[in-house]
Amino acid sequence: MRIISGLYKSRKIVAPKNLPVRPTTDMAKESLFNILNNRFYFDAISVLDLFAGTGNISYEFASRGTQQITSVDQDYGCIKFINQIAEKFNMPINTIKSDVFKFLEKSTLQTHIIFADPPYAFPDEQFAKIPELIFQNNLLLEDGLLIIEHSKHTDLSHLSQFSYSKSYGGNMFSFFEAN
């Protein structure tokens, strides 16, 4: 994976092969950040990266100047890797090793952007639980955005607070906003 833009533009990051992850493709990530760039000043927002995996999305936000980034993943190897890269590049990423659903049930952390990249094989009920917990617990700041990455075979358009979706190859991003 590589960082697309910002301070660490074009840096390649090689994750250990034994991590249970599927990083967002560079093409999909670049398209997503083009959308976000038109809506947010990256140095003025806070981000919550759920199912963070390799930290790919967190690194991109950090490279673009975001100073408040929290990455949540239940895999110790993923958290350890994110911490190593954050330290190596002096990135302001706070990691939390936790089951994402347990974290969302207890968290009071409010952010401008929440990005969730759960396993594509999740059942529909688990996908639906993500926005449900986020909006129920008021975890998005005003004018905030929840983005869920999923396969094109998963349809989230029926969920409450759904705004729109964008497709990039086999990747899809569904966007949710508070009413």
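Select N90 in the loop between α3 and β3. This is a predicted model. Check the backbone of N90: phi is positive, about 55 degrees, although the residue is not a glycine. Is N90 buried or exposed? N90 is exposed, because its relative accessible area is 70%, and the cut-off for exposed is over 50%.

Now go to Q161, in the loop between β5 and β6. Phi of Q161 is also positive, near 75 degrees, and Q161 is not a glycine either. Its setting is another matter. Q161 has a relative accessible area of 18%, so Q161 counts as buried. The limit for buried is under 20%.

L156 is buried, because its relative accessibility is 2%. Which residues does L156 contact, leaving aside neighbours within four places in sequence? Show F127, I148, H150, F162, S174 and F176. Then draw a distance from L156 to F115. Their C-alpha atoms are 15 Å apart, and the two residues sit 41 residues apart along the chain.

Next, select S46 in strand β1. S46 counts as buried, because its relative accessibility is 5%. Show what S46 touches beyond four places in sequence: Q68, Q110, T111, H112, I113 and L141.

Move on to helix α2, residues 56–63. How many residues of α2 are buried? Eight of the eight are, so α2 is largely enclosed by the rest of the structure. Colour them one by one: N56, I57, S58, Y59, E60, F61, A62 and S63. Now bring up the cover. The elements over these buried residues include the helices α1 (26–37) and α3 (76–88). Strands β1 (46–50), β2 (68–73), β3 (93–97) and β4 (111–116) are among the cover as well. Step just past the end of α2 to G65, where phi is positive at about 105 degrees.

Finally, zoom out to the whole protein. Count five helices and seven strands. Follow them along the sequence and the pattern reads α-β-α-β-α-β-α-β-α-β-β-β. The C-alpha atoms fill a box of roughly 40 × 35 × 35 Å along the principal axes.

Colour by burial: 51% of the 179 residues count as buried. Then show the surface. The accessible area is about 8,800 Å², and carbon and sulfur atoms hold 46% of that. Residues 24 or more positions apart account for 66% of them.

Note on methods. Residues numbered from 1 in each chain as written. Predicted model: local features only at pLDDT ≥ 70, side-chain atom pairs only at ≥ 80, totals over all residues. Heavy atoms only, no water. Helix = DSSP H or I, 4+ residues; strand = E, 2+ residues; numbered from the N terminus. Buried < 20%, exposed > 50% of the residue type's maximum accessible area, 1.4 Å probe, protein only. Contact = heavy atoms within 4.5 Å. Areas by Shrake-Rupley, 256 points an atom, 1.4 Å probe, with all protein chains shown as cover.
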